[in-house]
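Thanks for coming. I will go through one chain this morning, and I would like you to keep the sequence and the structure on the screen while I talk.

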Amino acid sequence: MEWIFDGIGTEIVSFILGLMSGAIGYRFYINRRIQRAGKKSVQIQLNGSNENNISADKISGDKNSPSGDYVGRDKIIYNNPDEFDIRNFSQYNTSQIENVIAKGNDATLRKWCLELIINQKPKYLILQCIEKMENNKEKYKLLVDLSKRNYNDCEYFAIIGNSLSNGVYLTKAIELYISIGKTEYIETAFALIENNKYIYKSLIAVYGYDREIFKKIYDNGKCFNNKQYKRKMKVFLKDK
């Protein structure tokens, strides 16, 4: 009879070891899935006994969830609209637009400012947008966008141009004004340039376009505060 009990004991030990190895294997499998998918990911079970099973980690069932995602009763995963997405512009009221302006970065502000101008939104919103923008590159891109939409004559075109503070983009703005024939903006933009290198580059651009404006802004070299560039400009004019 002793061999019977020995056999039973062996079976029990084997059974327990099997359970333990199965549990360890399952935990390893789950951990691998989390590592691959990420803690905030959505797992969709397509195979197995329940093909419609959807499990979502940290995704609310509330469509107003601040997380931006939710699972509907139809088990479809939806995304709440991005408040900065320009495609939502027409749905936003004044308060929501103010919120975007307050929290948006310069790239966002450029897109929204363009839409505000085109859609003739209240002036204070547009001025808020322009004032909040700090990046000269984005301001210049906004000028280009407006020129492409034929908004060269609106008051905001001049306001945006006059808010530039970088010699690179002030020179680019002058080149833009020349290309679209808005000579009335050249003198103001030129007066804002402090770097002699970009004063020189702007003068070269204007010289090839309108000699009268060139004479006015050059004023016999008084625009320069560096003798090297004064000489450089005289050499340029002598060669012409």
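What you see is a predicted model.

Asn-150 is placed in the loop between helix 5 and helix 6. Its phi is near 65 degrees, which is a positive value in a residue other than glycine. Asn-150 counts as exposed, because its relative accessibility is 65% and the cut-off for exposed is over 50%.

There is another asparagine to look at here. Asn-220 has a phi near 60 degrees, again a positive value in a residue other than glycine. The loop that holds Asn-220 runs between helix 10 and helix 11. Asn-220 is exposed, with a relative accessible area of 66%.

Now move to Gly-221. Is Gly-221 buried or exposed? Gly-221 is buried, at a relative accessible area of 5%. Gly-221 sits in the loop between helix 10, residues 211–218, and helix 11, residues 227–239. Its C-alpha atom is separated by 9.0 Å from that of Arg-231, and the two residues are 10 apart along the chain.

Next, helix 2, which covers residues 94–103. Which residues of helix 2 are buried? They are Ile-97, Val-100 and Ile-101. These residues are on the same side of helix 2, because they cover an arc of only 100 degrees around the axis.

On to charges. Side chains of opposite charge can pair when their charged atoms come close. How many salt bridges does the structure hold? It holds nine. I will take some of them in turn.

Start with Arg-87 and Asp-85, whose side chains form a salt bridge at 2.6 Å, N to O. The two partners fall into separate classes of accessibility. Arg-87 counts as exposed, at 68% relative accessibility. Asp-85 counts as buried, at 19% relative accessibility, because the cut-off for buried is under 20%.

Then there is the salt bridge between the side chains of Arg-110 and Glu-138, at 2.5 Å, N to O. Arg-110 is in helix 3, residues 106–118, and Glu-138 is in helix 5, residues 136–148, so this pair ties together parts that are 28 residues apart in sequence. Arg-110 is buried, with a relative accessible area of 12%. Glu-138 is buried as well, with a relative accessible area of 11%.

A further salt bridge joins the side chains of Glu-155 and Lys-123, at 3.2 Å, N to O. This pair links distant parts of the chain, with Glu-155 in helix 6, residues 155–162, and Lys-123 in helix 4, residues 123–132, 32 residues apart. Glu-155 is partly exposed, with a relative accessible area of 42%, and Lys-123 is partly exposed, at 41%.

Going back to Arg-110 and Glu-138, they belong to one network with Lys-141 and Asp-145, joined by salt bridges that share partners.

Last, the surface. Which residues gather in a patch of positive charge? They are Lys-172, Lys-197, Lys-201 and Lys-232. Lys-197 is found in helix 9, residues 196–207, and Lys-201 also lies in helix 9. Lys-197 is partly exposed, with a relative accessible area of 41%. For Lys-201 the relative accessible area is 41%, and that residue is partly exposed.

Lys-201 and Met-233 are 32 residues apart along the chain, and their C-alpha atoms are separated by 9.9 Å. Glu-175 and Lys-201 are 26 residues apart in sequence, and in space they are 9.9 Å apart, C-alpha to C-alpha. Glu-175 is in helix 7, residues 167–180, and counts as partly exposed, at 38% relative accessibility.

That is the end of my part.

Definitions and conventions. Residues numbered from 1 in each chain as written. Predicted model: local features only at pLDDT ≥ 70, side-chain atom pairs only at ≥ 80, totals over all residues. Heavy atoms only, no water. Patch = residues over 30% accessible without salt bridge, like charges linked within 9 Å, V, L, I, M, F, W, Y side chains within 5 Å. Areas by Shrake-Rupley, 256 points an atom, 1.4 Å probe, with all protein chains shown as cover. Salt bridge = Lys/Arg side-chain N within 4 Å of Asp/Glu carboxyl O. Lys, Arg positive; Asp, Glu negative; His and termini not counted. Charge placed at Lys NZ, Arg CZ, Asp CG, Glu CD. Helix = DSSP H or I, 4+ residues; strand = E, 2+ residues; numbered from the N terminus. Buried < 20%, exposed > 50% of the residue type's maximum accessible area, 1.4 Å probe, protein only. Arc of directions from axis to C-beta.
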